[in-house]
Amino acid sequence: MLRLPPFRYLGPRNLDEAARMLDGEGTQAMIVAGGTDLYPNMKRRQFTPPVLIGLRQVAALKQISGSLELGYRLGAGVTLTTIAEHPILQEYYPALTTAAGSVSTPQLRNMGTIGGNTLLDTRCNYYNQTEFWRHSIGYCMKKDGDICLVAPGSPRCWAISSADTAPVLISLNAQARLASVDGERVIPLRALYQDDGMHPYTKADNEILSEIILPPPDGWRSVYLKLRRRGSFDFPILGVAAALRFAGDGTVTDARITLGAVASHPVEAAEAAAQLIGQRLTPDLIASVAALAAKRAKPLDNADLTINYRKQVTPIYIRRALSALM
Ligand SMILES: Cc1cc2nc3c(=O)[nH]c(=O)nc-3n(C[C@H](O)[C@H](O)[C@H](O)COP(=O)(O)OP(=O)(O)OC[C@H]3O[C@@H](n4cnc5c(N)ncnc54)[C@H](O)[C@@H]3O)c2cc1C
Ligand code: SF4
């Protein structure tokens with residue numbers, strides 16, 4: 001049985017208190033929301049924070065508010081189940097509810113939050129293992145070691161961004177509100193990510209993700225397709241999030257395609273998406289755009305299934321996603 005390492009638990013009652021605690025405890029503290037990513041990682045000793053600051057009692061983080069005209073604000077502590085089952089989100093942001101509803105299992109979606117999903121640790125076959133397993137192979141640079149075991153000559157870590165909702169939120173052009181003792185700031189959600197398996201997030205250590213802001217649906221159609229080994233349970237090996245807007249005559253006026261689980265950050269295929277603008281969707285156009293978008297995915301041998309399979313299936317999934325929006 002894997003046990004949690006010892007830690008001190010702080011339970012702030014509001015966001016200001018949480019921000020003060022996080023700032024006061026410094027880098028030895030970590031935020032915990034649902035704990036469905038962090039607690040398993042702590043049991044495997046990927047993280048051993050002496051202090052955890054739990055957000056469960058911060059009611060303000062559990063709200064969904066807004067309107068079709070203004071867009072919606074999702075508190076970072078809203079559970080994935082709530083998002084997946086929300087009727088308005090289902091109707092106007094279907095890619096998001098599909099992605100939230102595809103995360104792991106019902107029990108974990110009841111605990112796991114949209115904030116925790118957005119800030120999920122990057123994953124790798126050589127890293128998401130027990131301490132004993134990692135010790136036996138000499139560790140890797142993401143935790144306790146010196147080299148990358150996937151690409152030993154590489155100076156960097158290639159662990160994979162595996163959150164289902166992240167590529168969708170980027171395709172929807174969502175924003176993130178970050179709070180700290182220094183105040184608040186709102187950034188495009190895409191700016192939260194960087195291509196670095198060890199430091200995948202740009203937010204400061206003392207910042208808390210307080211909410212995700214969805215723009216008004218305003219005619220956008222969206223879809224999320226997920227490839228995984230077991231349909232009932234697994235992390236994505238590939239996620240395709242596409243959002244398109246059409247003119248009355250059926251030509252595409254705006255397009256975004258974002259790929260998940262293909263790099264250390266969600267990858268936007270902007271050049272490919274641009275080729276859709278001003279065109280009507282046809283099978284030929286979709287196939288050529290999908291082939292171009294798939295070039296943005298450069299899978300390494302650190303996830304489930306073979307690289308070759310993942311490479312071959314990427315354009316097929318992008319094609320299916322775009323076809324679903326026809
Ligand atoms: C068996 C299993 C299967 C899974 N399958 C999937 C899957 O298919 N797809 C998927 O995307 N995920 C999957 N997960 C991961 C996880 O369940 C989800 O990503 C979940 O949404 C994480 O949310 P949480 O609230 O539990 O995060 P936590 O574990 O509480 O936190 C995750 C990280 O985010 C930070 N954090 C959380 N909230 C905030 C905040 N408001 N501000 C700042 N930092 C914050 C924490 O410090 C931590 O580093 C799986 C997990 C397990 C155990
Ligand atoms: S990509 Fe390399 S450094 Fe990163 S977790 Fe995997 S083996 Fe470790």
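## Ground rules

Because the model is predicted, local features need pLDDT of at least 70 and side-chain atom pairs count only at pLDDT 80 or more, while totals for chains, interfaces and linings use all residues. Residues are numbered from 1 along each chain as its sequence is written, chains are lettered from A and ligands numbered from 1 in the order written, and side-chain values use heavy atoms, leaving out hydrogens and water.

## Around ligand 1

Ligand 1 has 33 residues around it, and Ile-31, Thr-36, Thr-113, Asn-117 and Asp-164 come nearest (a residue is near if one of its heavy atoms lies within 4 Å). By class, that shell holds 18 nonpolar, ten polar and five charged residues; here Ala, Val, Leu, Ile, Met, Phe, Trp, Tyr, Cys and Pro count as nonpolar, Asp, Glu, Lys and Arg as charged, and the others, Gly among them, as polar.

A backbone N or O atom of Ser-104 sits 3.2 Å from a ligand 1 oxygen, and a polar backbone atom of Leu-119 is 3.4 Å from one. On its own ligand 1 exposes 990 Å², and the protein buries 92% of that (Shrake-Rupley areas, 1.4 Å probe).

Elements giving two or more residues to the shell are β2 (29-32), α7 (114-118) and β8 (208-214); β2 gives the most, with three. Strands are DSSP E runs of at least two residues, and helices are H or I runs of at least four, numbered from the N terminus.

## Salt bridges

The whole structure has 15 salt bridges (a Lys or Arg side-chain nitrogen within 4 Å of an Asp or Glu carboxyl oxygen). Asp-164 turns up again here, pairing with Lys-226 at 2.7 Å, N to O. Lys-226 is in β9 (residues 221-227) and Asp-164 in the loop between α8 (131-136) and α9 (165-171), so the pair ties together parts 62 residues apart in sequence. Lys-226 is buried at 14% relative accessible area, and Asp-164 is buried at 3% (buried is under 20%, exposed over 50%, partly exposed in between; 1.4 Å probe, protein chains only).

Arg-229 and Asp-304 also meet, at 2.8 Å. Arg-229 counts as exposed at 52%, whereas Asp-304 is partly exposed at 27%.

Definitions and conventions:
A polar contact is a pair of N or O atoms within 3.5 Å; within protein, one must be able to donate a hydrogen and the other to accept it, and residues adjacent in sequence count only if both atoms are side-chain atoms.
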